[in-house]
Amino acid sequence: MCGIVGYIGGKQAAPVILDGLSKLEYRGYDSAGIAVFGGEGINYKKSTGRLKVLENLTRGGADMPGCCGIGHTRWATHGVPSNENAHPHFNQKETISVVHNGIIENYLQLKKFLEKKGYVFVSETDTEVLAHLLDYYYKGNPMEAIFRMLRRVEGSYALGILFAEHPDTLFAARKDSPLIVGQNEEGCFIASDVPAILKYTRRVTYVDNQEIVKLHASHMHFYNIDEEEIRKEPVLIDWDENAAEKAGYEHFMLKEMYEQPKTVTATISPRIQKGDIRIEELDMSDEELAAVKKIHIVACGSAYHAGVTGKYVIERLSRIPVEVDLASEFRYRDPILEEGAMVIVISQSGETADTLAALREAKKRGFRILGIVNVVGSSIAREADNVLYTWAGPEIAVATTKAYTAQLVALYLLAMKLAKVKGTLGKEEFEHLLGCLERLPYQIERLLNTKEQIQKFANRYLAAKDIFFIGRGIDYAISLEGSLKLKEISYIHSEAYAAGELKHGTISLIEEGTLVTAVSTQPELYQKMISNIVEVRARGAFVMAVTGEDNREIGKAADYVIYIPETAPVFANSLAIIPLQLFGYYVAVGRGCDVDKPRNLAKSVTVE
């Protein structure tokens, strides 16, 4: 949830840390803080609100000299946004400083223990117990204190730690919350995510669970929880640094929507070779794929919606039964996993806490795990048995667009590969689908170029209180994502319903002037959807339809129609979602919302 950056080296730390935090503000933006060794001790500044407040407070870091420090941008979990609850947190003497991403589940027990020892708490956070616990165990050896502290805490953490008595050392530790370290000629870095340090180094090392790092200006050492030093190999990040910048667009979200043609091309092109689909990093033979008898797709949020689409596509093409679960529910419902089942977990960051927990639950039961992730070296990528990467590049806006689109096409590729090895697709149909896949980037670009038309329509609904999305089959999956995009960035109440369920209660919510978005891309369901449109219009709804170019009959039933280019019906989601993304974006912009940083949300949900 939160963003962490730390630096030790030959440069002034504060400007480097603030610059890194600016790349991580999508992870949390209700308060921020920084701590730097300043000669006599640890100097710090905290502020509520956006990072800009902290930057102004420190004059861009100029008022905080020193070459070693840590910083944090917060997404509140324990305690309201306030200076007291902002990180870094300290022991009472302010000689130990801690920044933390994650949740300490037994913090109340630890707090009671420490209070009995005379420690006084000034915040409502779970993180403050870490600073006091470190103080309790510290007897001059920071590593010993860190090891003992970590053995007492339960939950998730990524930590940056300073000890005033050791100004030449920065400490870091990680369990279940993402953390990377990097190094260049001038110093060493810690960060929650790659964009924070991409400007300074492309060689990063992923910190694994229950590992501790001791960083100096010119070198770093890694240790496991048993206090044994271990060797770690860095990886080279080939992301374009400019991918994490707005590049002249008003918002990251708009930029990332316009990157979708490139994202789709990057995800499908390397996998289509000589008229066939080859997913080399999948590392599964045709025989292993053919042996899959059932698939469980597990994900959260938009990745879950991609999974719902995946269910329809995989079942239709390969005839393998698929179940889709919200990751937060999967392990708590005691799922029944049959022999021959494969579990697919989907996550943009590869660090989503609930999805990671579901992965571990399924793996504990002995089932093969396939991860569909965007970040090489992420926890899911490392812990899954097999990986299918989505080459979307860094996604900064909290509301996903291009990563979701990449997940869709990754699922299409997998569905076609499964169908090929299962023998459920004829040669002509397989070739037709390949052609449709290869045309998707150009068709998405064509739809993006209709943005002015959609913007004009969106401006009519800036004051809407309720907007509904309906669809059948794959169109229901599209509706789920279209509704989520609208509600999370515009704060308008929005719901998606399977259109066939309208008569079972939902239609009672339709009143005069209510906007209903009807998605209709499946030819065999056109007539059914027209009937649903007529039903809601009879109750006073205004209907915006999204449909295929061949469905001209819907224009007589709906009030406003957006036509998408012709494609295979199983791939229609990748096109129909584009006008829905644009609609949500322009409604939010028209309402004056911060579309990149919607209230109460953060990009990477790394706590359960």
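1. Is C436 buried or exposed? In this predicted model, C436 is buried, having a relative accessible area of 2%, whereas C300, at 24% relative accessibility, counts as partly exposed. The count of disulfides comes to zero.

2. The largest nonpolar core holds 95 residues, and within this core the members that touch the most others are I295, L317, I344, M416, L437, F571 and F583. Helix α13, which spans residues 402-422, supplies the largest share of this core, with twelve residues.

3. The surroundings of L317 can be listed in some detail: once its neighbours within four places in sequence are set aside, L317 is in contact with A415, M416, A419, T424, L425, L433 and V570.

4. Across the whole structure, a search finds 17 aromatic pairs. One of these is formed by F189 and Y200, whose rings are stacked, with 5.4 Å from centre to centre and 25 degrees between the planes. Because F189 lies in strand β10 (residues 187-191) and Y200 in the loop between β10 and β11 (203-206), the pair ties together parts that are eleven residues apart in sequence. Both partners are buried, F189 with a relative accessible area of 2% and Y200 with one of 17%.

5. Ring pairs also link F457, Y461, F542, Y560 and F583 into a cluster, and F583 is named as well among the residues touching the most other members of the largest nonpolar core.

6. Two lysines lie over aromatic faces: K420 is placed over F430 at 4.7 Å from the ring centre, while K139 is placed over Y136 at 6.0 Å from the ring centre.

Note on methods:
Residues are numbered from 1 along each chain as its sequence is written. This is a predicted model: local features need pLDDT of at least 70, side-chain atom pairs count only at pLDDT 80 or more; totals for chains, interfaces and linings use all residues. Side-chain values use heavy atoms; hydrogens and water are left out. A nonpolar core is a set of buried Ala, Val, Leu, Ile, Met, Phe, Trp, Tyr and Cys residues joined through side-chain atoms within 4.5 Å. Buried means under 20% relative accessible area, exposed over 50%, partly exposed in between (1.4 Å probe, protein chains only). Helices (H or I, at least four residues) and strands (E, at least two) are DSSP runs, numbered from the N terminus. Contact means heavy atoms within 4.5 Å. A disulfide is a pair of cysteine sulfur atoms within 2.5 Å. Rings of Phe, Tyr and Trp (its six-membered ring) pair if their centres lie within 6.5 Å; planes under 30 degrees apart count as stacked, over 60 as edge-to-face and the rest as tilted. A charge sits over a ring if NZ of Lys or CZ of Arg is within 6 Å of the ring centre and within 35 degrees of the ring normal.
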